[in-house]
Amino acid sequence: MTRQFDGRFFDGKSANAAPAIVIFETGGLFIDLATRAFSWPYRDVAILDCQANECRFGIASEPDAVLVLPADARETLAEFSPDQHSRHVGARRLGGAVAVMIAAAGLIAATLFIGVPAASGPLAQATPRDFEQRIGANMAAQIQTVFRRCANDQSLALLRPVMEEMAANGNVGFETIRVNIVRTSAPNAFALPGGQIMATSGLLDAVGEDQEAFLAVMAHELGHVRNRDGLRAFYRNAGLGLLLEVITGGSGLAQQAVLIAGQLTQLRHTREQESAADDAAYTIMEHADLDPAALARAFSAITASVSDNTEGSDEKSDRRRLPTWLKTHPDTKERIADANARTSASGQLPLNETDWAIVRDACNQKDD
Amino acid sequence: MSEYAENEAASEPGGRVSGRDLPVGNRSEILAMLWIGFYTTVLNIFTLTIFRFWGRTHFRRRLWADTYAGEDTIEYTGRGLELFVGFLIAIFTFMAPFIAIIVGSQFFIGPDTWYLVLVPIVAYFGFFIVIGIAIFLARRYHLSRTRYRGVRFAQTGSATGFGFAAFGYGLLTAITFGWFGPEARIRLSRRMWDNAYFGNEKFSFTNNEEATKEPVYKSFALAWVGGMIGYFAWFGFILAPVISASMQGNEPDPADLQGIEFMVRVYASAIVFAIFVGLAMAWHEAVMIRRIIKSLDVAGVRFSSRLSTWDIIELTITNVLLLVFTLGFGFMAVQMRVWKRIANRISLDGEIDFAAIKQNEDMAPSQGEGLADGLDLISNF
């Protein structure tokens with residue numbers, strides 16, 4: 001059984017077309033160009049493309065040669081060589097490739113959500129402390145371009161020795177501690193790498209006259225500094241960002257999905273780290289002669305300040321005043337109970353009333 | 001035997017064909033492209049976008065195969081795997097070191113040192129030069145994987161030279177508030193096309209009378225003024241709450257620039273803005289495309305274009321709507337429609353001798369367009 005088609009042949013050496021008579025026979029295509037004739041074995045023939053009225057065929061041994069035949073030659077090829085050229089062969093090959101890609105994506109996802117967070121801890125521990133201090137200082141400088149720093153140097157000068165003494169007694173691992181107060185109404189505090197701590201004017205407002213509650217929050221942040229959580233977060237985010245950038249080559253739906261999932265895993269880790277920071281805070285407070293229950297008072301004050309602020313306000317300001325410091329932290333009620341259970345008598349507070357008033361006045365209460 | 005093949009047979013042995021007998025066009029169908037765009041989007045999600053290299057290859061293969069000159073179509077011979085490998089190479093040779101420098105500088109240089117600022121500045125300047133290099137390399141790859149009548153296209157020339165030129169022109173364009181832009185585009189097109197080949201036949205980019213007659217700067221003036229008005233109006237609209245707060249002496253509320261309400265405002269107005277700017281630029285865009293196409297000739301045929309301002313206006317409006325209504329997965333259909341319109345408006349003049357056009361065996365680069373993909377410069381073409 002044979003079938004014959006009229007077609008055109010390009011030899012890949014010049015752009016000239018040669019009229020071709022092509023015969024499908026057992027084993028291969030017989031191509032007669034009038035000036036010469038040759039055979040293409042079916043196993044080496046590739047379908048390059050099919051249009052409504054024409055199909056193009058090629059062969060691996062002559063990569064630039066193209067044979068153009070009427071479109072029904074494709075079905076004929078499938079009949080003569082079903083193992084290599086039936087339609088489902090191509091689909092199966094693509095399906096296989098996609099399966100490999102999905103497996104690779106799974107591997108990448110595992111690296112992103114398990115590998116990177118797992119590596120961030122040991123990596124942070126292995127990082128020299130002076131490197132961490134530098135990156136922390138750079139991050140603090142960058143944050144202050146976004147949030148306005150309260151330019152009350154006197155307040156900061158009063159806080160600094162207090163914080164550094166707490167850090168030294170509590171084995172935080174960094175001698176230099178820098179606290180900066182930024183002007184924003186949400187009660188919040190966070191630790192950057194290398195002993196850089198940011199507190200908001202909203203936090204000072206929330207704790208009011210309760211110096212010990214403020215110091216309890218600072219002790220918690222010193223706990224993060226001791227555990228090098230800021231650097232861990234930096235590595236985790238940098239690792240996530242880098243991998244995402246590298247894999248997805250920029251933007252796209254998948255990247256958005258991965259980012260959202262990434263934030264969720266980060267939240268989970270942050271909760272674990274928060275509990276560890278609470279534990280460290282209790283030790284630091286104990287060394288500083290502070291009552292651990294002050295942390296409970298701080299939690300209550302922050303929660304109360306958030307509810308006060310949102311009372312009677314519109315939806316938009318509700319959103320703005322979400323208690324950030326509590327949102328990413330473990331259950332507040334549990335923490336309050338835990339802190340209260342540890343209560344003990346506090347000693348002399350490090351700042352006298354006048355000095356504490358100066359610290360509290362760092363932002364001149366301008367926000368409220 | 002078809003009419004064209006008869007013509008050719010009649011013109012043997014030289015294989016000379018008049019450009020007029022080589023109608024140029026594209027017969028891609030929108031549904032086919034929507035389908036490729038759709039499955040590429042879906043598979044991108046499941047493969048963390050790794051599939052994009054294969055999706056892009058499918059798109060090009062279809063688009064090229066639907067594009068014809070005379071009886072024969074052009075062919076795309078690139079492969080998804082090739083793009084993927086090129087991308088990996090680009091990551092390890094360029095992107096990873098670049099990110100390492102930016103991140104690493106944060107560890108080694110403190111905030112009080114003035115030269116900390118220099119690191120990102122130098123890195124970003126370098127980055128812009130690399131963008132030019134990447135565009136050139138991606139183009140070289142496209143041409144080397146494009147074939148017509150069994151003969152490959154190719155591009156030679158210095159990618160680094162192109163990178164520096166593109167960077168310099170970019171600076172000049174910025175300094176002149178965009179007014180060097182059209183000249184830059186013509187110069188960069190010339191750099192690419194003057195180095196392009198079809199087999200052993202070199203393309204040339206000539207400032208012939210037909211090409212230089214195009215009112216490049218007149219049309220640019222309209223685009224520039226329209227663009228400026230549109231841009232300020234758009235920003236004004238987005239920032240209206242902040243501006244009105246400032247005018248009343250209140251401190252702007254950052255919450256006004258967040259949330260779903262704000263995003264809807266931004267995206268809805270962006271569509272209007274895109275259409276407005278598209279309209280203002282339509283004339284210039286048509287002029288520029290005609291200017292570049294009319295400058296080209298290869299192997300004895302000269303290219304010409306009848307692309308009209310109305311073509312651009314119609315495409316802009318319908319393509320924006322197509323993107324919106326397909327939630328973005330119509331991006332390939334959009335690119336196809338632009339290509340198709342440009343191709344359908346091309347005509348060839350002169351006489352081409354196919355028998356005299358030989359394969360150029362020396363020009364076959366092995367690398368993909370990874371750098372351009374890594375830098376997010378790929379438009380699927």
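This is a predicted model: local features need pLDDT of at least 70, side-chain atom pairs count only at pLDDT 80 or more; totals for chains, interfaces and linings use all residues.

One aromatic cluster is formed by B:Tyr148, B:Phe153, B:Trp193, B:Phe198, B:Phe203, B:Phe303 and B:Phe354.

Over all chains, the structure holds 35 aromatic pairs. One of them joins B:Phe53 and B:Phe87, whose ring centres are 5.1 Å apart. A pair of aromatic rings is described by the distance of the centres and the angle of the planes. Planes under 30 degrees apart would count as stacked and those over 60 as edge-to-face; the planes of B:Phe53 and B:Phe87 stand at 45°, so this pair is tilted.

Where do B:Phe53 and B:Phe87 lie in chain B? B:Phe53 belongs to helix 3 (residues 52-65), while B:Phe87 belongs to helix 4 (residues 80-108). The pair therefore ties together parts that are 34 residues apart in sequence.

B:Phe53 has a relative accessible area of 1% and is buried. B:Phe87 counts as buried too, at 2% relative accessibility. The ring of B:Phe87 also has a charge over it: the charged end of B:Arg52 sits there, 4.8 Å from the ring centre.

As for confidence, chain B averages a pLDDT of 85, and 88% of the residues score at least 70. Over residues 1-13 of chain B, pLDDT stays under 50. For this stretch the model has 21 contacts beyond four places in sequence.

Notes. Residues are numbered from 1 along each chain as its sequence is written. Chains are lettered from A and ligands numbered from 1 in the order in which they are written. Side-chain values use heavy atoms; hydrogens and water are left out. Rings of Phe, Tyr and Trp (its six-membered ring) pair if their centres lie within 6.5 Å; planes under 30 degrees apart count as stacked, over 60 as edge-to-face and the rest as tilted. Helices (H or I, at least four residues) and strands (E, at least two) are DSSP runs, numbered from the N terminus. Buried means under 20% relative accessible area, exposed over 50%, partly exposed in between (1.4 Å probe, protein chains only). A charge sits over a ring if NZ of Lys or CZ of Arg is within 6 Å of the ring centre and within 35 degrees of the ring normal. pLDDT is the predictor's confidence in each residue, from 0 to 100. Contact means heavy atoms within 4.5 Å.
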